[in-house]
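I opened my notebook beside the model and jotted down what I looked up, in the order I got curious. Have the sequence and the structure at hand and follow along.

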Amino acid sequence: MNEEMYAFRIEMFGSRDDATRLGRLERQNKHIDADLDLLHRKVSDHEREINRLKQVGQ
């Protein structure tokens, strides 16, 4: 009986650790998405500015 309880505890703590890691990965993923959105916006702004400068130079 004690052996079964010990195995059950190990499984429960392992699941909790997995959930904690999953939560951490989800937060990192949100940060990466936000960084990619910002990067995309900056690239778009720079492309617009480059095209504007090309138009002025012609």
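**Entry 1: a pair to begin with**

In which helix do arginine 48 and aspartate 45 both lie, and how many residues apart are they? I found both in helix α1, three residues apart, about one turn of the helix.

A note on ground rules before I go on. I am working from a predicted model, where local features need pLDDT of at least 70, side-chain atom pairs count only at pLDDT 80 or more, and totals for chains, interfaces and linings use all residues. Residues are numbered from 1 along each chain as its sequence is written, and side-chain values use heavy atoms, with hydrogens and water left out.

Back to the pair: the side chains of arginine 48 and aspartate 45 meet in a salt bridge, at 2.4 Å from N to O. I count a salt bridge when a side-chain nitrogen of Lys or Arg is within 4 Å of a carboxyl oxygen of Asp or Glu. Arginine 48 is exposed, because its relative accessible area is 52%. Aspartate 45 has 38%, so I wrote it down as partly exposed.

**Entry 2: the other salt bridges**

How many salt bridges does a search of the whole structure find? My search gave three.

Aspartate 18 pairs with arginine 21, and their closest N and O atoms are 3.0 Å apart.

Arginine 52 forms a salt bridge with glutamate 49, with the closest N and O atoms 2.6 Å apart. I see this pair in helix α1 as well, three residues apart, about one turn of the helix. Arginine 52 has a relative accessible area of 43%, so it is partly exposed. Glutamate 49 comes out as partly exposed, with 35%.

**Entry 3: the whole chain**

I stepped back and counted one helix and zero strands in the chain. The radius of gyration is 25 Å, well over the 10 Å that the globule rule gives for 58 residues, so the chain is more spread out than a compact globule. Here the radius is taken over C-alpha atoms, and the globule rule is 2.2 Å times the number of residues to the power 0.38. Helices (H or I, at least four residues) and strands (E, at least two) are DSSP runs, numbered from the N terminus.

Along its principal axes, the C-alpha trace spans about 85 × 10 × 5 Å. I also noted that 2% of the 58 residues count as buried. The accessible surface comes to about 5,900 Å², and 56% of this belongs to carbon and sulfur atoms. Those areas come from the Shrake-Rupley method with a 1.4 Å probe, and for residues only the protein chains shown count as cover.

**Entry 4: a nonpolar patch**

Which residues make the nonpolar surface patch of about 360 Å²? I listed Ile32, Leu36, Leu39 and Val43. Patches are made of residues with over 30% relative accessible area and no salt bridge; like charges are joined within 9 Å, and nonpolar side chains (Val, Leu, Ile, Met, Phe, Trp, Tyr) within 5 Å. I looked at leucine 36 on its own and placed it in helix α1, which covers residues 2–57. Leucine 36 is partly exposed, because its relative accessible area is 49%.

**Entry 5: distances along the chain**

I took some C-alpha separations to close the page.

- Histidine 31 and alanine 7 are 24 residues apart along the chain, and their C-alpha atoms are separated by 36 Å. Histidine 31 is exposed, at 55%.
- Glycine 14 and isoleucine 50 are 36 residues apart in sequence and 53 Å apart in space, C-alpha to C-alpha. Glycine 14 is partly exposed, at 27%.
- Glutamine 55 and aspartate 37 are 18 residues apart in sequence and 27 Å apart in space, C-alpha to C-alpha. Glutamine 55 counts as exposed, at 57%.

Methods:
Buried < 20%, exposed > 50% of the residue type's maximum accessible area, 1.4 Å probe, protein only.
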